[in-house]
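These are my notebook entries on a two-chain model. Each entry records what I looked up and what I found.

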Amino acid sequence: MSYFGDIYKGIKTLLTGMSVTGKYFLTSRKGAITQQYPDNRKTLKMFERFRGEVVMPHDENNEHRCTGCQKCELACPNGSIEIIWDRQIDPESGKKKKMIDQHIYHLGMCTMCGLCIEACPTDAIVWAQNFENSVYDRSYLTKVLNQPNSKLKAGVEE
Amino acid sequence: MDTTIKNSNLKSEEYFINMGPQHPATHGVLRLLLTIDGEIIKKVEPDLGYIHRSIEKMCERDSYQQIVHLTDRMDYLSSHINNEAVCLTVENALQLEIPDRVKVIRTIIGELTRIASHTLWWGVMGMDVGALTTYFYGFRDREMINDIFEETCGARLTMNYNIPGGLMFDIHPNFVKRTKEFIAHFKTKLPEYDTLLTGNVIFQKRMKGVGMLTKEDAISFGASGPVGRGSGYSCDVRKHHPYSALDKVTFNEVLKTEGDSFARYQVRIEEMWESMSIIEQLIDNIPEGDVQVATNAVIKLPKGEFYQKVETARGELGVYINSTGTKNPYRLKFRSPGFSNLSLLNHIAVGGKIGDLVASMATLDLVIPDIDR
């Protein structure tokens, strides 16, 4: 008797579970969380705080805000940022001033911790929301953030 | 049947097989050396080291701000709580007064992390014992929490939102709204978990009476978290040593006395209800104020030893810092919940079948990077 009772109970619990899956089978389109990723590239918008990669924004005059203070380089836990700088003569004041030559960012080593951007006193580097970082060669992951012939925006240092 | 075996020359022999390091039920690179007789397990020997990254040694090199992001990579499913543990240790050592706003936000995100971790565990645990559907349902609800994290912290898994002295930046304006939406959503979905799996007769047969752990053994093996509480060992750090805003909220410590896999399963399901109640108590009155206390750019801890423990989704995480007064710790040691919980696997699996080993391992909720560090 308990043999058949067990079978009855077993089928009943299975049907109870299937009532949930059956409900979603009939209303599956509603509230689906999956995204049709490569097809929705045009409409896909990441959150503004999303940490994709570090970039240095330049304005229309090809000017950035990096003074070369190297605080980001010091804050980085694994040496993803290297700053090559030297002292050049500032055309306006005529004095020698520290200027960046290259702000090198190793994306392949970056852990996206955000400490460099927290450390930056002039907001020279920010997060970009780009997350498609795959490339064919590892060397492409080493980026120079400041554009060629760019210079420091006036008034940033004050 | 018995007589034929007795009269024949057949005899059984112990032999050993490898389970892992690439076994789907070990959820990571855990290698188990099984000594088995037929299908009866005689001995389980975990072999670790496949994902060892020497995080503790790297901490000796890094400054106290930089240590925080390494803890993301230990127990990646409760990364926020790991960050919080390091930050609390440093803040206690510096005797910083942390604003209430920071405490409340930390607790809310910590409990959201716990729910996210438990929903993922529920999904993969169901998959381990043969119920593939749970995987999709668990991930569906976790996705909403991940979106909340992504909007506020900037990352879905390795958040690194805490810094010694507070939070990296304030919460996103949508945070409160989204969290409330999630709680309302999850309250209708969590009963479905029970309907779908808990009452299922196959699932109960796989879980009940499997992986028995008595309270005495739980204490002597150093079990913590839901594994200890499933055996009736009251070990919730949130209750006994409240940190952040957990002393302002009321919640129950979930205790089960059966000590089998099903008890550990029930503890985690009920813990999700408790976490939701904690979030509900805090979400409406997040105090105004700063989200950071100014610290020196180079943090130097005073000379001495500092210890802080927190309750992650897996159990008790302890952070021990031995400082000599410089900007790096002289020694930093993590007491990770997964390691002690793994140590009792041999004890609960011996005498059972291989299928039972998978079921009890699933309810231990092991995260291998947490064990190896």
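**Entry 1: helix α3 of chain B.** I began with the buried residues of α3(B), which are Tyr64(B), Gln65(B), Ile67(B), Val68(B), His69(B), Leu70(B) and Thr71(B). The helix is mostly covered, since seven of its eight residues are buried. I note here that the model is a predicted one. I then asked what covers the buried residues of α3(B). The cover includes α3 (115-119) of chain A. From chain B, it includes α2 (55-61), α4 (79-94), β4 (162-163) and β8 (331-335).

**Entry 2: the contact between the chains.** I next looked up how many residues of chain B are in contact with chain A. I found 21 residues of chain B in contact with 21 residues of chain A. On the chain B side, the elements that give two or more residues are α3 (64-71), α6 (133-152) and α7 (175-198). The most comes from α6(B), with five residues. By class, I recorded five nonpolar, 10 polar and six charged residues on this side of chain B.

**Entry 3: α6 and α7 of chain B.** I turned to how these two helices pack. The axes of α6(B) and α7(B) lie 11 Å apart, and the packing angle is about 170°. An angle over 145 degrees counts as roughly antiparallel, and α6(B) and α7(B) are therefore described as roughly antiparallel to each other. On the α6(B) side, I listed Thr133(B), Thr134(B), Tyr137(B), Asp141(B), Met144(B), Ile145(B), Ile148(B), Glu151(B) and Thr152(B) as making the contact. On the α7(B) side, I listed Phe175(B), Arg178(B), Thr179(B), Phe182(B), His185(B), Phe186(B), Lys189(B), Leu196(B) and Leu197(B). The contact of α6(B) with α7(B) comprises nine nonpolar, five polar and four charged residues.

**Entry 4: domains and sheet of chain A.** I looked up the domain assignment of chain A, which gives domain 1 as 2-34 and domain 2 as 53-152. I recorded a separation of 56 Å between the centres of these domains, taken over C-alpha atoms. I then examined an open sheet of three strands in chain A, in the order β3-β4-β6 with antiparallel pairing. The edge strands, each pairing on one side only, are β3 (81-89) and β6 (142-144) of chain A. From one strand to the next, the twist averages 25°. Strand β4 (residues 96-106) of chain A is joined to β6(A) by three bridges. I noted Val144(A) in β6(A) as the bridge partner of Ile104(A).

**Entry 5: strands β1, β2 and β3 of chain B.** I followed the pairing along these strands. Strand β1 (residues 14-19) and strand β2 (residues 31-37) of chain B run antiparallel and are joined by six bridges. Within this pair, Phe16(B) stands opposite Thr35(B) in β2(B). Seven bridges join β2(B) to strand β3 (residues 40-47) of chain B, again with an antiparallel run. Here I found that Arg31(B) has Asp47(B) in β3(B) as its bridge partner. β2(B) and β3(B) form a hairpin with two residues between them. In its turn, Gly38(B) has a positive phi of about 65°.

Entry 6: Ser54(B) has a phi near 50°, a positive value in a residue other than glycine. Ser54(B) is found in the loop between β3 and α2 of chain B. Arg373(B) is not a glycine either, and has a positive phi of about 55°. I located Arg373(B) in the segment after α16 (368-372) of chain B. Arg373(B) counts as buried, because 25 C-beta neighbours lie inside 10 Å and the cut-off for burial is 20 or more.

**Entry 7: Tyr307 of chain B.** Leaving aside residues up to four places away in sequence, Tyr307(B) touches Gly318(B), Val319(B) and Tyr320(B). I also recorded that 16 Å separate the C-alpha atoms of Tyr307(B) and Arg238(B), which are 69 residues apart along the chain.

Methods. Residues are numbered from 1 along each chain as its sequence is written. Chains are lettered from A and ligands numbered from 1 in the order in which they are written. This is a predicted model: local features need pLDDT of at least 70, side-chain atom pairs count only at pLDDT 80 or more; totals for chains, interfaces and linings use all residues. Domain bounds come from an automatic or database domain assignment. Two residues are in contact if their C-beta atoms, placed from the backbone, lie within 7 Å. Helices (H or I, at least four residues) and strands (E, at least two) are DSSP runs, numbered from the N terminus. Ala, Val, Leu, Ile, Met, Phe, Trp, Tyr, Cys and Pro count as nonpolar, Asp, Glu, Lys and Arg as charged, and the others, Gly among them, as polar. A residue is buried if 20 or more other C-beta atoms lie within 10 Å of its own, exposed if 12 or fewer, and partly exposed in between; C-beta atoms are placed from the backbone. Axes are lines fitted to C-alpha atoms, for helices over the stretch in contact, and angles run from 0 to 180 degrees between N-to-C directions. Angles under 35 degrees count as roughly parallel, over 145 as roughly antiparallel, 65 to 115 as roughly perpendicular and the rest as oblique. Two strands pair if DSSP finds at least two bridges between them.
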